[in-house]
Amino acid sequence: MGSSEIHKFYKKSREERIALVKEFAELSDEEATLLGTNSVLSFETSDKMIENVVGMQQLPLGIATNFLIDGADCLIPMAVEEPSVVAAASKVAGIARTAGGFTTESDEPIMIGQIALVGVEDFEKAKSTIIGKKAELLEKAKGIDPVLVKFGGGPRDIEVHERQAKSGKIVMVHLLVDVRDAMGANAVNTMVESIASDIEELSGGKSRLRIISNLAVHRKARAKAVFSKEAIEESFKGKDTGKTTEEIIDAIIEVYEVAEADQFRATTHNKGVMNGIDAVAIACGQDWRAIEAGAHSFAAFETKYRPLTKYYKDDAGNLVGEIELPLAVGLVGGAVKTNPLAGVCLKLLKVKTAQELAEKIAAVGLAQNFAAIREIATRGIQAGHMALHGKNIAVMAGAKPEEIEAVSAKMAEEKNIRVNRAKEILEEMRK
Ligand code: MEV
């Protein structure tokens, strides 16, 4: 297997990039062509995916390099509109790989289906009656999705919780379902809808809702990386931070601790995490709204809203980063199948199960967050961000493809990245 450490990938032509990715991921000619196609969805296909289709809204698809995850090199497909996200992830992956890259793990793919019952007289009695019939209820739910059961998934457990709503007590039944390589919404929704009437009968209540919960607390993925002192020092070579490496590490930990202490900062901190997670999720055809909802809800699960990552020093003084969040992702169904490019992106990631996909996405979330707080703790976010943003500004000012690089380089040199200045530079260049 090739290395994902591809020198100056960003300087290569589109054809060279695609050729490298093709070789790395052993793509077929057809898959490589798809990767380099601007619009992969036909009108006919997209008109079946959603309603009232008129056109196509597109995002650039970039490839983050340098990632070593659980000992395997991988290229990361990222669909995102924000400059510097792909570059930042690649940069941090390069720092992490010197100490072995990212290590990951994840829970079994268990999703929760909810049945909320109102009008139940006696919670304890309803609970014991439902739990008493658990085996029969699970058996019935199992019969709903024999394909899932054939692949080793299916309903696993039933929990009964009491909730207090404005209008009275609610009995909340959770059906826990192992959805294997699916995101799971369809399977879970069908199951809870099919057993709701049995639950009503057992409890004497009326079911008000029967649907999946996007707070997938049983389906978390975790990633960890050591950012060695040496690699951090090397990453700032030639850049004046005014700090020693030890001071940089302490400053990064302090930036993280601010997020622990302050919800306003924690939200932005987590936005940085989601820059990476959403970009991979979108590239791979995932339901990123479900991922977003679950991530932020988990950030406040049974506690105040907190950062999804944490940082500390190991005994040798290296910086260690960790991330944990629910990731309901799938390899079957949904846009994964209708959008052929999603399949190619999954192939780049070399994932065989939804759990592996979740683990890789978690690693990218950690990388993205580390990239942001590394900048914030040293030069400030604008230095790196704006240098790349300059290309955007150059385009906005009307630069032709062959002029973009020169205009953005000149603005970066002048530390003046504005559309007006880009227009002036263009005028001067064209004279
Ligand atoms: C910008 O898209 C994301 C950041 O604001 C994240 C952060 O502040 O940690 C840079």
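1. Ground rules. This is a predicted model, where local features need pLDDT of at least 70 and side-chain atom pairs count only at pLDDT 80 or more, while totals for chains, interfaces and linings use all residues. Residues are numbered from 1 along each chain as its sequence is written, and side-chain values use heavy atoms, with hydrogens and water left out.

2. Who sits around the ligand. The residues around it are Glu-82, Arg-265, Thr-268, His-269, Lys-271, Gly-272, Asn-275, Ala-372, Ile-376 and Ile-381 (a residue qualifies if one of its heavy atoms lies within 4 Å). Sorted by class, this shell has three nonpolar, four polar and three charged residues. For the classes, Ala, Val, Leu, Ile, Met, Phe, Trp, Tyr, Cys and Pro count as nonpolar, Asp, Glu, Lys and Arg as charged, and the others, Gly among them, as polar.

3. Polar contacts (pairs of N or O atoms within 3.5 Å). A ligand oxygen lies 2.6 Å from a side-chain N or O atom of Glu-82. For Arg-265, the distance from a ligand oxygen to a side-chain N or O atom is 2.7 Å, and for Asn-275 it is 2.9 Å. Taken alone, the ligand exposes 300 Å², and the protein buries 82% of that (Shrake-Rupley areas with a 1.4 Å probe).

4. Which elements build the shell. Two or more residues come from each of α11 (263-283) and α15 (354-376), with helices being DSSP runs of H or I, at least four residues, numbered from the N terminus. The top contributor is α11, with six residues.

5. How those two helices pack. The angle between α11 and α15 is about 135 degrees, and their axes are 7 Å apart (axes are lines fitted to C-alpha atoms over the stretch in contact, with angles from 0 to 180 degrees between N-to-C directions). The pair is therefore oblique; angles under 35 degrees count as roughly parallel, over 145 as roughly antiparallel, 65 to 115 as roughly perpendicular and the rest as oblique. The α11 and α15 crossing is right-handed, meaning that the near helix is turned clockwise from the far one by less than a right angle.

6. Other neighbours of α11. Helix α12 (residues 288-299) and α11 have axes that come within 10 Å and cross at roughly 155 degrees, so α11 is roughly antiparallel to α12. Their crossing is right-handed. Helix α10 (residues 245-261) and α11 have axes that come within 6 Å, crossing at roughly 120 degrees, so α10 is oblique to α11. Here α10 passes α11 in a left-handed crossing.

Note on methods. Polar contact = N/O pair within 3.5 Å; in protein donor to acceptor, adjacent residues only side chain to side chain.
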